[in-house]
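Subject: Handover of a structure

Hello,

Here is the structure I promised to pass on. Please open it first, then read my notes below.

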Amino acid sequence: CLEAVAGGWALVADWQAAGHPAPVSHVRDLAALARTGDAAARDAVRTAGRRIGEVLSVAVTLLNPEAVIVGGDLAAAYDPLVGGLQETLYPRTTTLAARDLRLLPSVHGERAGLVGCAALALDHALGVESIDALLRARPALSVAER
């Protein structure tokens with residue numbers, strides 16, 4: 001299970017079990033250490049990226065997306081994370097699927113879930129089916145009302 005080897009809680013548990021001197025209680029702490037140049041933290045994030053890349057390569061091969069958006073708490077250490085992703089993602093993906101694939105940082109950060117929910121709600125409310133249903137449910141105006 002990817003979560004067991006590359007999830008935030010797993011990375012924190014591995015960090016603590018290894019007895020590193022820098023205290024880490026959340027994956028955000030690990031990402032912050034990696035951003036400041038801590039070699040062990042950068043290595044841990046890069047290793048997580050490699051593991052994620054192994055699993056992601058299957059999805060990329062099957063779905064052939066234009067881009068993969070990298071987000072979440074671990075993405076705060078974008079460079080080592082994406083470096084690890086690239087190490088395993090591209091070699092394990094078909095050439096056609098990987099040729100134009102882009103790895104991009106999430107632009108919404110912690111608001112990504114909220115923005116996604118709002119987009120889904122707007123798509124539903126303003127979708128063709130919803131508008132047609134509203135128009136069909138509305139009674140016709142009489143000549144006098146027009």
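Helices (H or I, at least four residues) and strands (E, at least two) are DSSP runs, numbered from the N terminus. N64 is found in the loop between helix 4 (39-63) and strand 1 (67-70). Its phi is near 50°, a positive value in a residue other than glycine. N64 has 43% relative accessibility, so it counts as partly exposed. The terms are these: buried is under 20% relative accessible area, exposed is over 50%, and partly exposed lies in between (1.4 Å probe, protein chains only).

Some ground rules. This is a predicted model, where local features need pLDDT of at least 70, side-chain atom pairs count only at pLDDT 80 or more, and totals for chains, interfaces and linings use all residues. Residues are numbered from 1 along each chain as its sequence is written, and side-chain values use heavy atoms, with hydrogens and water left out.

Now the overall picture. The protein has 8 helices and 2 strands. From the N terminus the order is α-α-α-α-β-α-α-β-α-α. The C-alpha trace spans about 80 × 40 × 25 Å along its principal axes. The radius of gyration (over C-alpha atoms) is 22 Å, while a compact globule of 146 residues would have one near 15 Å. That globule rule is 2.2 Å times the number of residues to the power 0.38. Of the 146 residues, 27% count as buried.

Next, helix packing. Axes are lines fitted to C-alpha atoms, for helices over the stretch in contact, and angles run from 0 to 180 degrees between N-to-C directions. Contact means heavy atoms within 4.5 Å.

Start with helix 2 (residues 8-17) and helix 3 (residues 27-35). They pack at an angle of about 70°, with axes 8 Å apart. That makes helix 2 roughly perpendicular to helix 3 (65 to 115 degrees). G8, L11, V12 and W15 in helix 2 meet V27, L30 and L33 in helix 3. This contact has 6 nonpolar, 1 polar and no charged residues. Here Ala, Val, Leu, Ile, Met, Phe, Trp, Tyr, Cys and Pro count as nonpolar, Asp, Glu, Lys and Arg as charged, and the others, Gly among them, as polar.

Helix 3 also packs on helix 4. Their axes come within 7 Å and cross at roughly 115°. L30, L33 and A34 in helix 3 meet A41, R42, A44 and V45 in helix 4.

Best wishes

Technical notes:
Angles under 35 degrees count as roughly parallel, over 145 as roughly antiparallel, 65 to 115 as roughly perpendicular and the rest as oblique.
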